[in-house]
Amino acid sequence: MKRPADAPKIDRCSEEADRIQRFFIRPVFLSFTIGIPFCIFKLLFGITAVRIGTGILPALVWFGWLVIGWAAADLVMNVGRSVLDLIGRPAPFDYCTIAQAGSITGRPLVFLAFDTFLSFVIICFMLWSGWITELSTVEGYLWYAATTLNLISLSVVSIYNEMRRGESTTHD
């Protein structure tokens with residue numbers, strides 16, 4: 001049972017926790033830690049496809065340029081959402097082209113999840129095919145930065161959510 005003196009402290013903690021939780025779902029955070037890293041993975045995949053296909057597989061070069069265009073469009077959308085979020089305006093578009101297409105059917109989150117799936121397929125393909133070794137030093141550092149942002153943010157959010165879950169059971 002809570003003592004009355006504890007109530008204000010718990011309320012302040014709860015308000016702070018809510019503020020942190022709201023930050024984790026802001027477009028600037030989601031774009032910076034998920035959307036933009038996924039764009040980097042797509043972009044590097046497209047560049048690598050062009051590099052490997054040049055001179056021997058014209059279809060691979062065409063495919064690579066298609067992926068580069070996809071990545072560039074998604075990057076513009078993520079940066080746009082971040083900027084609009086920072087200036088306090090809602091975005092009239094989604095995080096990526098696939099989710100934007102999903103808006104037509106009224107299911108943007110399903111399509112966003114599909115985009116996430118495709119991004120993970122690209123990551124796995126780059127690793128398992130050995131294409132990752134084709135990246136230049138600068139491209140490699142971009143890959144490392146994207147991976148770091150993505151994985152560390154996922155871990156921080158997971159730790160925070162578990163701590164919140166533990167706090168809510170302790171204070172009940």
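Biologist: What makes the link between the side chains of Asn 78 and Ser 31 a polar contact?

Modeller: In this predicted model, the side chains of Asn 78 and Ser 31 are joined at 3.1 Å. A polar contact needs N or O atoms within 3.5 Å, so the pair qualifies.

Biologist: Where does Asn 78 lie, and is Asn 78 buried or exposed?

Modeller: Asn 78 is found in helix H3, residues 58–86. Its relative accessible area is 2%; buried means under 20%, so Asn 78 is buried.

Biologist: Which residues does Asn 78 contact, leaving aside neighbours within four places in sequence?

Modeller: They are Ser 31, Gly 35, Ile 36, Cys 39 and Tyr 95. In the case of Tyr 95, the backbone oxygen lies 2.8 Å from a polar atom of the Asn 78 side chain.

Biologist: Why is the charged end of Arg 81 said to sit over the ring of Tyr 95?

Modeller: The charged end of Arg 81 is 4.0 Å from the centre of that ring. The distance limit is 6 Å, so this value passes. The term also requires a direction within 35 degrees of the ring normal, and Arg 81 is listed as sitting over the ring.

Biologist: How many aromatic pairs are there in the whole structure, and why is the pair of Phe 38 and Phe 41 called tilted?

Modeller: The search finds 12 aromatic pairs. For Phe 38 and Phe 41 the ring centres are 6.3 Å apart and the planes stand at 40 degrees. Stacked requires under 30 degrees and edge-to-face over 60, so 40 degrees is tilted. The two residues are 3 apart in helix H2, residues 27–53, and thus separated by about one helical turn. Phe 38 is buried at 4% relative accessible area, and Phe 41 is buried at 2%.

Biologist: What makes the pair of Phe 125 and Trp 131 edge-to-face?

Modeller: Its planes are 85 degrees apart, with 4.9 Å centre to centre. The cut-off is over 60 degrees, so the pair is edge-to-face. Phe 125 has 37% relative accessible area and is partly exposed, whereas Trp 131, at 14%, counts as buried.

Biologist: How do you know that the buried residues of H5 are on the same side?

Modeller: Asp 115, Ser 119, Ile 122, Ile 123 and Met 126 are buried in H5. They cover an arc of only 95 degrees around the axis, which puts them on the same side of H5.

Biologist: What span does H5 reach, and what is expected?

Modeller: H5, residues 108–129, reaches 31 Å from its first C-alpha to its last, close to the expected 32 Å. Gly 130 follows H5, with a positive phi near 90 degrees.

Note on methods. Residues are numbered from 1 along each chain as its sequence is written. This is a predicted model: local features need pLDDT of at least 70, side-chain atom pairs count only at pLDDT 80 or more; totals for chains, interfaces and linings use all residues. Side-chain values use heavy atoms; hydrogens and water are left out. Helices (H or I, at least four residues) and strands (E, at least two) are DSSP runs, numbered from the N terminus. The expected span of a helix is 1.5 Å times one less than its number of residues. Buried means under 20% relative accessible area, exposed over 50%, partly exposed in between (1.4 Å probe, protein chains only). The arc is that of the directions from the helix axis to the C-beta atoms. Rings of Phe, Tyr and Trp (its six-membered ring) pair if their centres lie within 6.5 Å; planes under 30 degrees apart count as stacked, over 60 as edge-to-face and the rest as tilted. A polar contact is a pair of N or O atoms within 3.5 Å; within protein, one must be able to donate a hydrogen and the other to accept it, and residues adjacent in sequence count only if both atoms are side-chain atoms. Contact means heavy atoms within 4.5 Å.
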